[in-house]
Amino acid sequence: MSFTTHKILGTLGVIGALAAGPAHAQSSNDEIAVLKAQLRALEKKLDNVQKQANTTQKQTESVKQNFANANAAMHKKAVPFINANLTMPGNRPTFCTDDGLNCISITGRLHLDTAAYSFSPKSAGTTPQSVNDGINARRARLGLIGTFNKDWEYGVIVDAGGTTDGDVTLNNAYVAYKGVKGLLIQGGYIDVPYTLDEATSSNNIMFMERAASQVLATSLAAGDNRAAFGGQVFGDQYWVGAYVTGPTTGLNVNHSQPQPLGATFRAVGLPINNEVGTVLVGFDALYLAQTGGVTNNTLGMSDRIEVRVDPATNALLNTGTMNFVNNARVLSGEAAVKFGSFMASGEYFDYNIQRSNGLSDLSFNGGYGQASYVITGEQHKYNTSAGAFGGINPARPVNFATGDLGAWELAVRYSYASLNDGVIRGGELKNTTVGVNWYVNQNMRFMFNWIHGTVDKFAVNSNVNTGADYDVFAMRTQVAF
C-alpha cells in the first residue's frame with residue numbers, strides 16, 4: 001500500500017475518533033474498512049490504466065520503428081535511380097547515378113563569326129555585285145546527351161544559329177547502342193560521319209569552315225541534321241562505317257513530298273598510329289538514289305566561298321537547278337599524316353550526276369590540302385571512335401598573372417572545286433586560306449582566317465566572266481562544352 005493511502009487512512013481514523021468517541025468505534029472501524037477496500041480497488045484500477053498506457057506507448061514506438069526501417073529500406077533500394085552525382089568532365093555538367101550506369105549531360109557550343117569582305121566582281125553579270133560585312137552566330141547549340149544502363153546513348157540538341165540567327169532548328173535527335181566494344185549502331189537525326197573533314201568535329205576543324213569541295217559532297221546525302229541509320233566498327237588501326245540517309249531537319253522540309261534517299265560508306269586504315277606519329281588513308285563513297293521534292297528529279301549543288309556571314313555569296317559557285325536527275329554519286333579518297341605538332345590532311349572528290357530524258361550525265365570534281373603546326377608543342381590526337389583527329393588542349397591555359405598564353409596554331413589550306421560540265425556552268429573556285437588558332441583553354445578558342453580566292457564562271461559560248469575575286473578577313477569566337 002502506498003504512502004498516500006496510509007496517510008489518508010490515518011487522517012480518517014483520527015477524525016473518526018475525535019468526532020464519534022469510543023461509543024462509535026466499531027461503526028467507524030467498519031466505515032474505515034469500506035474506505036480501505038474502495039481505495040485498494042481504485043489503486044488497482046490506476047495500476048491497470050498505467051499498464052495499458054505503457055503497453056500503448058511500446059506499441060506506438062514499435063510501429064514508428066517499423067515504419068522507419070521500411071522507409072530506410074525503400075530508399076536504400078532506390079538509390080541508383082534517385083541519387084545523382086554531379087561531375088564536370090571537360091567542364092560539361094554531368095549527372096550520374098552512383099553506379100555510373102545512367103548519366104545525363106548538358107552540352108553546348110557557340111561559334112560567333114565576324115567577317116569583312118574585299119569583293120571585286122569580274123563583270124556586270126556577276127551575282128552578287130557586292131557583299132556585306134557582318135556578324136553571324138554560325139552555331140548556337142544547346143542540348144542534352146546521356147546514357148541508359150551504360151550501353152544506350154541518346155541526344156537531343158537544338159541550334160539557334162546559322163544564316164538566320166534565332167531560328168531554332170533540331171540539330172541532333174538520336175538513339176545509339178554501344179554495348180559492344182568497337183561497335184556503334186545509331187539512328188535519328190545525326191551528323192553523318194562521311195569524309196575525314198566531316199568526321200572531325202566543328203569544334204576541332206583547322207579553319208572556320210570546311211573546304212567547299214567537301215561541303216558539296218556532304219550536302220547531297222550526308223552532313224549535319226540528317227536523318228540516318230547505320231553503324232560503325234573501329235579500332236586502333238581501322239574505322240569502317242555505313243549509313244542509309246534521308247532528309248535534313250529545318251523549315252524547308254516538306255514531309256508530304258517525296259524525301260531524298262541516299263547512302264554513305266567510309267573506310268579508314270592506319271598503317272602507323274603511335275605516340276610518335278599517325279598515318280591515315282581512306283576511301284569514301286556516297287550515293288543519292290532519289291533527290292526528293294515535288295518532281296523527285298531535280299538537284300542543285302552550291303556553296304559559299306568558305307565563310308558564312310553574307311549568304312549572297314552562295315550564288316557564285318552554283319550549278320542552278322539540274323533537271324531529270326536519276327541519281328548522284330561521289331567517290332573520294334582521304335589521307336592524313338601527323339608527326340608531333342605537325343599535321344597535314346587532304347581529300348579529293350569526284351562527283352557524277354546521272355540524268356534521263358536524253359540529257360547527258362555530268363561530272364564535277366574538287367579537293368583540298370591543308371597543314372598546321374602547333375608552335376606551343378601540343379598535338380592533334382587521333383580519336384579512335386571518330387576515325388578522325390581531335391582538337392588541341394593547351395598545356396598551359398591562358399593565365400595572364402602567371403604568364404601562360406595557351407596554345408597557338410598556324411594553318412594553311414588550298415581548296416579547289418569545279419562545277420563546270422557541258423551546259424552546266426556552276427563555276428570554278430580556287431581558295432587559299434591562312435589561319436591562326438588561339439586555344440585559350442580546353443573550352444575556348446579564337447580563330448583568325450584570311451581567305452584569298454577567286455571564282456571563274458562563264459556561260460556556254462560566252463567570254464564574259466561572271467565570277468569574282470575576293471579577300472575575306474574573318475574571326476570566330478568559340479565556346480564549347
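Modeller: A residue is called buried under 20% relative accessible area, exposed over 50% and partly exposed in between, with a 1.4 Å probe and protein chains only. By that scale Gly403, which has a relative accessible area of 45%, is partly exposed because its value falls in between. This is a predicted model, in which local features need pLDDT of at least 70 and side-chain atom pairs count only at pLDDT 80 or more, while totals for chains, interfaces and linings use all residues. Residues are numbered from 1 along each chain as its sequence is written, and side-chain values use heavy atoms, with hydrogens and water left out.

Gly403 sits in the loop between strand E18 (388-389) and strand E19 (407-421), where helices (H or I, at least four residues) and strands (E, at least two) are DSSP runs numbered from the N terminus. Thr291 is 112 residues away from Gly403 along the chain, and the C-alpha atoms of these two residues are separated by 56 Å.

The C-alpha trace spans about 155 × 60 × 45 Å along its principal axes, and buried residues make up 42% of the 481 residues.

Elsewhere in the chain, strand E4 (residues 134-148) and strand E5 (residues 152-159) pair in the antiparallel sense over 8 bridges, pairing being assigned if DSSP finds at least two bridges between two strands. Within this arrangement Gly146 has Tyr154 of E5 as its bridge partner, and the hairpin has 3 residues between the strands, with Asn149 taking a positive phi near 50°. On to the next strand, E5 is also joined by 8 bridges to strand E6 (residues 169-177), again with the two running antiparallel, and here Val158 stands opposite Leu170 in E6.

Helix H4 (residues 212-221) is mostly covered, since 9 of its 10 residues are buried; among them are Val215, Leu216 and Leu220, together with Ser213, Gln214 and Thr218. Just after H4, Gly223 takes a positive phi of about 75°.
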